[in-house]
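Work through the exercises below with the sequence and the 3D view at hand. Try each task before reading its solution.

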Amino acid sequence: MRKKIIEFRNVSFRYGDEGPWVLKNCSFEIYDNEWVAIIGHNGSGKSTIAKLLNGLLFPQEGEIIINGEVVNEESIWNIRKDVGMVFQNPDNQFVGATVQDDVAFGMENRGVPREEMQKRIVETLAAVGMQDYRLTEPHRLSGGQKQRVAIASVLAIAPKVLILDEATAMLDPSGRQEIMQTVASIQGREELSLITITHDLQEVAQADRVIVMNSGEIWKEQVPREIFSQKESLREIGLDVPFVAILADELKRAGVAISIEPLNHEELLEDLWTLHSRT
C-alpha cells in the first residue's frame, strides 16, 4: 500500500487581506515515489502551490500535511528537511564559492557530520554528472550545469520530496532533456516523490499523474494520456497541446487508424509501424 507523502486539504490562499484568491479550496494527495506534474496558465496558482509546500507561504484556509506533519510556523524546519526545491533561476540558489561549497551549504545548516557531508557531496555530484566540477566557481558554469548543481545541492539534504518549479524553463531543448533524464533517473533510484511545475509538455508526458490548475482551482487530475486527449478543453483554458497529439489527430482525419493517444513520437511511430505490418 502506497504511503501518502503530501495532502492538501481544502487549501485557499491569497496575497494580502484584500487580494483575490490565488488558490480556492484545493485538495489533492501525492504518494511516495510518485511523479506528479502541475500545469496551468500563468496566474493559475501552480507556483503558489510550490511555495506552500516548502513553507515559503502558509494557507489562510485549510491545511497542508507533509509526511504526517501539519505545515505551520512551528513545524517548518522539520518540513524543509523533507522537501527540497529547485527554482527557475539557479543563480538565486548559489551561496558557495565553489560547487562543492554550494552542495555543502544546506547540509551544514542541518548539522550533518563532516564525514557524511563529504560522502554526500561525492555521491550527489556524481548523480548529476558534475563530479569533475567540484572546485569550479558556479558562475563559470553553463545554465544546464548550474541547474545540475542546484539539484545536487537539494539532493544532498536527502529530501523525501523534490520540487522543480519551472526548473528547466531557462534551458534550451537539449538542456531540458538532459536535466529531466537526470531527474527521472535519480527519482527512480532514490525513490523520492517528484513534483514538476512546468510549461514543458514533454516533461508532463513523463509524469505518473497530472494536476491541471485553472484560475486557482483544480480543473483535472488524471494520467498524462487522459489529459492530452482533451485537446479542445485544454485550449479553452489557455494551455498548449503536444505536437505529437495534433499530428495524430491529423492522421486520423486523413483516415489513418491511430489506435492510441500518443505521448511522444516514439509511441506514434510504433503505432504506425504496427498498423503498416498488418496491411
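The model is predicted: local features need pLDDT of at least 70, side-chain atom pairs count only at pLDDT 80 or more, and totals for chains, interfaces and linings use all residues. Residues are numbered from 1 along each chain as its sequence is written, and side-chain values use heavy atoms, with hydrogens and water left out.

**Exercise 1.** Find where glutamate 203 is located, and decide whether this residue is buried or exposed.

*Solution.* 
- Step 1: Glutamate 203 belongs to helix α7, residues 201-206 (helices are DSSP runs of H or I, at least four residues, numbered from the N terminus).
- Step 2: Its relative accessible area is 5%, so glutamate 203 is buried (buried means under 20% relative accessible area, exposed over 50%, partly exposed in between, with a 1.4 Å probe and protein chains only).
- Step 3: Beyond its neighbours within four places in sequence, glutamate 203 has contacts that include Trp35, Arg176 and Met180 (contact means heavy atoms within 4.5 Å).

**Exercise 2.** Check the span of helix α4, then list its buried residues.

*Solution.* 
- Step 1: Helix α4 has 14 residues, 114-127, and should span 20 Å at 1.5 Å a residue (the expected span is 1.5 Å times one less than the number of residues).
- Step 2: The end C-alpha atoms of α4 are 20 Å apart, which agrees.
- Step 3: Met117, Arg120, Ile121, Thr124 and Leu125 are the buried residues of α4.
- Step 4: They cover an arc of only 120° around the axis, so they are on the same side of α4 (the arc is that of the directions from the helix axis to the C-beta atoms).
- Step 5: Their cover includes α3 (99-109) and α5 (143-155).

Notes:
Helix = DSSP H or I, 4+ residues; strand = E, 2+ residues; numbered from the N terminus.
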